[in-house]
Amino acid sequence: MKIHIISGFLGSGKTTFMNQYLPLLDGKVVVIENEFGDICLDTALVDYDVPVHEIYAGCICCTLAGNFQRGIKEIYDQHDPEHIVIEPSGVGKLSDVVNACYLAERIEKVPLAIERLIVLVDAESCIDFLEDFGEFYANQIENAKLILLSHLDAVSEQEKCHATGVLKKKNPGAIIYDHDWRLLDDRALSDLVALTEGYGKISFKKDSVSLPADKVFTASSVTIPEELSTEELLARLQRLKDKNLGYVLRAKGIALIKDGYVMIQYAHGKCSSELLSEPPRELFHNKMVIIGCDLSKDIEDRLFAE
């Protein structure tokens with residue numbers, strides 16, 4: 001089995017890229033979604049019709065490594081796919097995800113090969129996040145084989161060049177694509193990712209950070225009131241900027257509200273919504289997951305209070 005890891009920090013665009021990438025793969029494909037929280041919303045956002053295996057309530061690099069290894073074994077036994085595409089938790093370290101794959105190979109006797117290590121990097125926030133989150137953020141960049149910049153419309157050409165320069169210093173051997181990858185057609189995207197073929201076993205430098213992600217980041221699941229309109233819901237999400245709620249990095253959810261099924265997202269202080277033309281592939285009872293640091297225990301009450 002060929003393993004494709006689509007990594008990136010919270011809000012970097014992993015799921016969007018994965019929906020563009022999955023149709024390029026020939027043969028049977030299975031997706032592993034790993035969410036940092038107790039619900040796995042990204043499963044509902046996978047547009048391509050493939051089996052999706054969920055691992056949630058933590059990240060692969062923390063307490064769930066054993067579950068992940070067994071999950072790889074189950075996928076091999078049940079589906080025998082040509083490809084497994086892994087979207088790790090946005091706060092997981094890429095080196096730990098790869099090492100967990102190797103453990104599945106050694107302990108569970110699953111034949112596999114790491115085919116792609118693709119990392120999405122938010123051009124707008126990467127400099128700040130490198131400073132704020134250290135190894136948790138840098139590890140993904142340092143171990144990528146292909147780095148794709150996202151949110152380019154939010155930065156100037158000078159800011160983009162500065163970010164690219166910092167990324168090159170962190171990982172001189174990576175291919176860095178600093179244009180809008182969403183505009184690539186299938187052939188161009190295939191040609192780009194093919195440039196990273198041909199590496200075998202990967203070794204990583206020893207991390208300087210010993211704390212697991214769940215000691216640094218926290219996740220909270222909240223229920224979205226059905227009586228809200230999209231406009232009212234977005235107004236409530238603006239409250240996530242309030243530092244009294246904690247340092248909110250990311251929020252996303254799918255809700256059936258007045259206007260219909262709506263996907264809402266919050267990242268880097270910005271809110272967005274998308275009215276879905278049909279129900280998501282998996283239904284959730286108006287749940288939203290919020291990820292950050294030192295989140296308030298009563299964040300749901302304070303978020304939706306009148």
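**Group meeting talk: a sheet, its strands and its helices**

Okay, let's start with how much of this thing is hidden: of the 306 residues in the protein chain, 54% are buried. Before I go on, keep in mind that this is a predicted model. The chain has nine helices and twelve strands. And if you take the contacts with a separation of 6 or more, 76% of them come from residues 24 or more positions apart.

What order do its strands come in? Reading across, you get β3-β2-β4-β1-β5-β6-β7, so that's an open sheet of seven strands, and the pairing is parallel. At the edges sit β3, residues 52-55, and β7, and each of those pairs on one side only. On average, neighbouring strands here are turned by 20° against each other, if you ignore direction.

Now let's walk along some of those pairs. Strand β2, residues 29-34, runs parallel to β3, with four bridges joining them. To find one on your screen, go to Asn-34: its bridge partner in β3 is Ile-55.

Another is α6, residues 157-170, touching β5, β6 and β7, and its direction is at about 155° to that of β6.

Next, zoom in on β4, which covers residues 83-87. How many of the residues of β4 are buried? Five of the five, so this strand is largely enclosed by the rest of the structure.

What about the partners of β4? With β2 there are five bridges, and the two strands run parallel. In that pairing, Glu-33 has Glu-87 of β4 as its bridge partner. With β1 there are four bridges, and again the strands run parallel. Over there, Lys-2 stands opposite His-83.

Is it buried or exposed? His-83 comes out at 9% relative accessibility, and the cut-off for buried is under 20%, so it counts as buried. Its side chain makes a polar contact with the side chain of His-4, at 2.9 Å. If you leave out residues up to four places away in sequence, His-83 touches Lys-2, His-4, Leu-25, Asp-26, Lys-28, Val-29 and Val-30.

Okay, moving on to helix α7, residues 186-194. Leu-189, Leu-192 and Val-193 are buried there. Why do these three end up on the same side of α7? Because they cover an arc of only 90° around the axis.

Arg-187 forms one with Asp-191, and the closest N and O atoms are 3.4 Å apart. These two are four residues apart in α7, which means about one helical turn separates them. As for the surface, Arg-187 is exposed, with a relative accessible area of 63%, and Asp-191 is partly exposed at 42%.

How many salt bridges are there in total? The count comes to seven. Let me show you two others. In one, the side chains of Arg-302 and Asp-298 meet at 3.6 Å, N to O. Arg-302 is partly exposed, with 34% relative accessibility, and Asp-298 is also partly exposed, at 34%. In the other, the side chains of Glu-115 and Arg-116 meet at 3.6 Å, N to O. Are those two buried or exposed? Glu-115 is buried, and Arg-116 is buried as well.

Begin with the open sheet of seven strands, then find β4, with five of its five residues buried. After that, go over to α7 and look for Leu-189, Leu-192 and Val-193, which are buried, and for the salt bridge between Arg-187 and Asp-191. That's my bit, thanks everyone!

Terms used
Residues numbered from 1 in each chain as written. Predicted model: local features only at pLDDT ≥ 70, side-chain atom pairs only at ≥ 80, totals over all residues. Heavy atoms only, no water. Buried < 20%, exposed > 50% of the residue type's maximum accessible area, 1.4 Å probe, protein only. Arc of directions from axis to C-beta. Salt bridge = Lys/Arg side-chain N within 4 Å of Asp/Glu carboxyl O. Pairing = 2+ DSSP bridges. Axes fitted to C-alpha atoms, helices over the stretch in contact; angles between N-to-C directions. Contact = heavy atoms within 4.5 Å. Polar contact = N/O pair within 3.5 Å; in protein donor to acceptor, adjacent residues only side chain to side chain.
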